[in-house]
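Let's take a walk through this structure together. Have a look at the fold before reading on.

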Amino acid sequence: MNQIKLGVSVGFLSVLGYFFAYYQLWICVALLLFLLAINAETIAKQNVMQGAILSIGFSLVNIVLSKLSSGYIYTVDKIFSVSKFYEIHNVLNKLNIFSALCTLLTVCEIIVFFYCMIASSKGKRVNIPVVSGIVDRNLQA
């Protein structure tokens with residue numbers, strides 16, 4: 001298995017990157033900056049950067065869904081109360097669909113990060129369709 005200059009395996013660093021991306025994003029960013037500073041193996045940098053991008057993406061979607069399910073729904077209610085879509089919004093609000101989507105997103109996030117941790121433990125790059133393209137464009141090998 002490939003190792004970086006300090007003797008730590010690439011697979012272990014990749015698993016740490018995905019774990020910290022799920023748990024605490026700032027630790028993942030610190031790990032990414034460390035790997036960039038020591039000019040580590042490209043696979044480790046790619047996996048850690050993919051973990052950070054995944055974490056940011058899940059966080060943004062979660063913020064939007066939670067804002068829709070909380071106090072901002074009153075503003076949407078005021079907008080829809082003058083139109084014909086008020087009934088649809090009223091049903092969605094009573095079903096609490098946005099909170100259910102937040103819960104579903106959390107479950108998907110756990111599954112995706114767990115898959116990435118297992119797949120990256122072999123020291124190979126995890127291919128995530130959109131995120132891998134972003135990493136390829138922005139990280140020069």
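A disulfide here is a pair of cysteine sulfur atoms within 2.5 Å. Searching the whole structure turns up zero of them. This is a predicted model, where local features need pLDDT of at least 70 and side-chain atom pairs count only at pLDDT 80 or more, while totals for chains, interfaces and linings use all residues. Residues are numbered from 1 along each chain as its sequence is written, and side-chain values use heavy atoms, with hydrogens and water left out.

Now for the overall picture. The chain has seven helices and zero strands, counting DSSP runs numbered from the N terminus (helices: H or I, at least four residues; strands: E, at least two). Of its 141 residues, 32% are buried, meaning under 20% relative accessible area, with exposed over 50% and partly exposed in between (1.4 Å probe, protein chains only).

Back to the cysteines: C28 counts as buried because its relative accessibility is 0%, and C102 is buried too, at 12%. The buried residues of α6 include C102, F98, L105 and C116.

What about contacts, meaning heavy atoms within 4.5 Å? Among those between residues at least 6 apart in sequence, 70% join residues at least 24 apart.

Finally, F19 sits in helix α1, and its 36% relative accessibility makes it partly exposed.

Technical notes:
Contact means heavy atoms within 4.5 Å.
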